[in-house]
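The sequence and the structure are shown first, and the commentary follows.

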Amino acid sequence: MKRILTYGTYDLLHYGHIRLLKRAKAMGDYLVVALSTDDFNILKGKKAYHDYETRKNMLEALRYVDLVIPEENWEQKADDIKKYHIDTVVMGGDWAGSDKFEYLKEHCDLVYLDRTEGVSTTKIKEDLNLPGEDEGLGPLLKV
């Protein structure tokens with residue numbers, strides 16, 4: 001069984017996210033998504049629209065995702081790879097060359113996938129005039 005791992009916030013789940021997860025899943029048999037916790041997002045200067053549990057529930061509802069685990073810090077990646085017997089880490093192409101991921105090549109395969117053009121959480125927030133990641137405002141609407 002080939003195990004794939006990806007990381008992200010997955011806020012305002014959109015087609016770009018789905019496409020990345022679908023392509024990641026196609027690379028193996030089992031897809032683990034390490035989802036940034038609310039506290040970790042704050043450390044990264046982000047504030048997700050949806051809280052961790054809501055984002056986790058949305059990801060768990062997708063057929064491509066087999067397991068969602070919390071991403072609590074930058075340093076946990078090598079431990080995640082060992083703990084979940086990961087063969088390949090898959091990330092969006094905007095992370096290519098980043099020291100946050102390049103060292104993982106010592107532990108497993110590392111693949112960068114092109115992002116979906118024209119869609120991003122940042123763009124959606126801008127289009128809807130929602131606060132950006134650095135404005136530190138949480139959910140504005142209750143569903």
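Tyr-10 is found in the loop between β1 (3–8) and α1. The structure described here is a predicted model. Leu-12 is likewise placed in the loop between β1 and α1.

| Residue | Phi |
|---|---|
| Tyr-10 | near 50 degrees |
| Leu-12 | about 45 degrees |

For Tyr-10 the phi value is positive in a residue other than glycine, and Leu-12 also has a positive phi although it is not a glycine. With a relative accessible area of 6%, Tyr-10 is buried. Leu-12 counts as buried because its relative accessibility is 13%, under the 20% limit.

Tyr-10 also belongs to the largest nonpolar core, which has 16 residues. Tyr-10, Leu-21, Leu-31, Val-33, Leu-59 and Val-65 are the members that touch the most others in this core. At least two residues of the core come from each of α1 (15–26), β2 (30–36) and α3 (52–60). Leaving aside residues up to four places away in sequence, Leu-59 touches Tyr-10, Leu-13, Leu-21, Val-33, Leu-35, Val-65 and Val-68. A second, separate core holds 14 residues, among them Ile-69, Ile-81, Phe-101 and Leu-104. In soluble globular proteins, nonpolar side chains tend to be buried together.

As to confidence, the protein chain has a mean pLDDT of 86, and 81% of its residues reach 70 or more. Over residues 133–143 pLDDT stays under 50, and the model has 18 contacts beyond four places in sequence for these residues. Where pLDDT is low, the predicted coordinates should not be read in detail.

Key: Residues numbered from 1 in each chain as written. Predicted model: local features only at pLDDT ≥ 70, side-chain atom pairs only at ≥ 80, totals over all residues. Heavy atoms only, no water. Core = buried A, V, L, I, M, F, W, Y, C linked by side-chain atoms within 4.5 Å. Buried < 20%, exposed > 50% of the residue type's maximum accessible area, 1.4 Å probe, protein only. Helix = DSSP H or I, 4+ residues; strand = E, 2+ residues; numbered from the N terminus. Contact = heavy atoms within 4.5 Å. pLDDT = per-residue confidence, 0-100.
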